[in-house]
Structures are given as C-alpha cells and as structure tokens.
Amino acid sequence: MFEKAAAQLVDKICGSFIQDVDAEQMKISMWKGNAGEVELNNVRLKQSALDEFNLPVAVKSGQMANIHFKIPWNSLGSSPVTVTVRGVEAVGSLLST
C-alpha cells in the first residue's frame, strides 16, 4: 500500500525530469521518525528534463547518483516533502536560435 503511494508521489514530484524507475532502484523506509523515506539510485534524466524552463539548452544524456525523499506521512497536506539530489551528471548542447 505505502509502496504504491510512494511511487505515485515520486512520479508526481519528479516524473517530468526522470525516466522510469524500477523497483531495484528504489529503497523505501515507511516510518523513520515521523516520516517515510524513499531513496532512488542511478536515475536517468529525461532528455526533456529542461524543456519546461525554456532554456537555450537541451539535455543529451544525464543521470543522478541518488535522490532522497523525506515524506511526512502524518502531515502530507501541510508539511513539505523534502527532496535531496546528489551526484548530478549531464551532457547538454546549446539550442540554435
């Protein structure tokens, strides 16, 4: 039950930036203190990751070593979900104008 909710939340927060995540990349700790934690390792960036920002740059390839989510299940509507990203590597190119 919580695994499905965590996967949906990850998709809602990062779905436009990261490619499909499989179960082997995801570690879930449902209750750690007052929050749950979801950790993703070796996540690939979508080539469209920066499109919504209208930047003159295109992502050719990229990955993140780790994305960590701290999810306050008890106060999900009123407290923030904290997202920490580590080890971002990206190859990009300038778009012609």
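Leu40 is in contact (heavy atoms within 4.5 Å) with Val10, Ile18, Val21, Gln25, Met26, Ala65, Asn66, Ile67 and Phe69, leaving aside neighbours within four places in sequence. This is a predicted model: local features need pLDDT of at least 70, side-chain atom pairs count only at pLDDT 80 or more, and totals for chains, interfaces and linings use all residues. Residues are numbered from 1 along each chain as its sequence is written, and side-chain values use heavy atoms, with hydrogens and water left out.

**Core**
- The largest nonpolar core has 15 residues. Such a core is a set of buried Ala, Val, Leu, Ile, Met, Phe, Trp, Tyr and Cys residues joined through side-chain atoms within 4.5 Å.
- Ile18, Leu40, Ile67 and Phe69 have the most contacts inside this core.
- Helix H1 (2–14), strand S2 (35–44) and strand S3 (57–71) each give two or more residues to this core. S3 gives the most, with 4 residues.
- Helices (H or I, at least four residues) and strands (E, at least two) are DSSP runs, numbered from the N terminus.

**Glu37**
- Strand S2 also holds Glu37.
- Glu37 counts as buried because its relative accessible area is 16%, where buried means under 20%, exposed over 50% and partly exposed in between (1.4 Å probe, protein chains only).
- The side chains of Glu37 and His68 are joined by a polar contact of 3.1 Å. The term covers N or O pairs within 3.5 Å; within protein, one must be able to donate a hydrogen and the other to accept it, and residues adjacent in sequence count only if both atoms are side-chain atoms.

**Val85**
- Val85 lies in strand S4 (residues 82–94).
- Val85 is partly exposed, at 39% relative accessibility.
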